[in-house]
Amino acid sequence: MNYYYITGTSRGIGKAFAMHLLENPTNFVIGISRNRSIEHPNYRHSYLDLTDVNALVEFKFDLHAKAKKIYLINNAGVLGFIKPVGKLDASTIAKNYTVNLIAPSILTNEFINCYDSTDAEKVILNISSGAGKNPIDGWAVYCASKAGLDMFSRVVDSEQKIRAKTPLESIHKGFHIFSIAPGVVNTNMQEEIRAAHKEDFSRLEDFIGYKVNNQLSEPQLVSKKYINILANIYSIKEVLSSIKDYE
Ligand SMILES: NC(=O)c1ccc[n+]([C@@H]2O[C@H](COP(=O)([O-])OP(=O)(O)OC[C@H]3O[C@@H](n4cnc5c(N)ncnc54)[C@H](OP(=O)(O)O)[C@@H]3O)[C@@H](O)[C@H]2O)c1
């Protein structure tokens, strides 16, 4: 069996990802979010609030000793507010960093710790964003957290490459990590963006235009592209990329 731990499976990209994977009976999905919207014999849900650091610390992965492949897909993410710095709410800043950066870091650490000696293909996929590479006004915390997620992924990748050169690698398989941006996708997150106030966000009209001009990809199409990319991880050249790089 292949096991997929996916955060944010209640809607959007994470839900579409899980639903596609569940079409294959050799896949088992463990979804992690505050709400559940998937019922399937090969699906288990873990109700977890990713802003709750204490609950995150307690989260445990199952051993899956005979797994062929084990994946962690850090997909859950929040914009939370669209306002310039100076007008932000302090506790929301902390919560947004926790969902977008601290939760993937804690889960990745536990994933690597748990499966270190498991002889399966082990992959961590972080759902990143172009906003982690380019500043967007009103999105400071989101941009910074996605930039942090990219750097976190690069460091884990370099650690795994260093490890690959040690005798340990001849005993157990290492981990692959990728941070891949989805482009602009027709989900709740885009609705939130279009609901921003013009005085807080200079690019409001651009994002309204993406919807009006049908430039948003559907999450079902995006998740299919991710699954195709993951089907051949050796074709992924860089830790950081965008699904557009594979078209
Ligand atoms: N949509 C885009 O255009 C776009 C572009 C670039 C990158 N992305 C990235 O793609 C990923 C998925 O976004 P999306 O567009 O699919 O967003 P979405 O439709 O808003 O879905 C977000 C998911 O994250 C989960 N989540 C949010 N807060 C959580 C919390 N505190 N605890 C647990 N789960 C939580 C939600 O589940 P619950 O509410 O049930 O907890 C939901 O399943 C994000 O990382 C986002 O940054 C999206």
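Helix H1 is mostly covered, with eight of its 10 residues buried. A residue is taken as buried if 20 or more other C-beta atoms lie within 10 Å of its own, as exposed if 12 or fewer do, and as partly exposed in between, with C-beta atoms placed from the backbone. The buried positions of H1 are Gly 12, Ile 13, Gly 14, Lys 15, Ala 16, Phe 17, Ala 18 and Leu 21. The structure is a predicted model, in which local features need pLDDT of at least 70 and side-chain atom pairs count only at pLDDT 80 or more, while totals for chains, interfaces and linings use all residues. Residues are numbered from 1 along each chain as its sequence is written.

The protein chain has seven helices and seven strands; these are DSSP runs numbered from the N terminus, helices being H or I with at least four residues and strands E with at least two. From the N terminus, the order of elements is β-α-β-β-α-β-α-β-α-β-α-α-α-β. The radius of gyration of the protein chain is 18 Å, close to the 18 Å given by the globule rule for 247 residues, so the chain is as compact as a globular protein of that length. This radius is taken over C-alpha atoms, and the rule is 2.2 Å times the number of residues to the power 0.38. Buried residues make up 36% of the 247 residues.

The seven strands form an open sheet in the order S3-S2-S1-S4-S5-S6-S7, with parallel pairing; two strands pair if DSSP finds at least two bridges between them. Strand S3 (43-47) and strand S7 (240-242) are the edge strands, each pairing on one side only. Six bridges join the parallel strands S1 (residues 2-7) and S2 (residues 27-33), and Tyr 3 stands opposite Phe 28 in S2.

Met 151 lies in helix H4 (residues 140-164). Met 151 counts as partly exposed because it has 14 C-beta neighbours inside 10 Å. The C-alpha atoms of Met 151 and Gly 132 are 9.7 Å apart, at a sequence separation of 19 residues.

The ligand is surrounded by 30 residues, of which the closest are Gly 8, Gly 12, Arg 34, Gly 77 and Thr 187. A residue is near a molecule or strand if its C-beta atom, placed from the backbone, lies within 6 Å of it. Helix H1 (12-21) and helix H5 (188-194) each supply at least two residues of this shell. The shell comprises 12 nonpolar, 15 polar and three charged residues, where Ala, Val, Leu, Ile, Met, Phe, Trp, Tyr, Cys and Pro count as nonpolar, Asp, Glu, Lys and Arg as charged, and the others, Gly among them, as polar.
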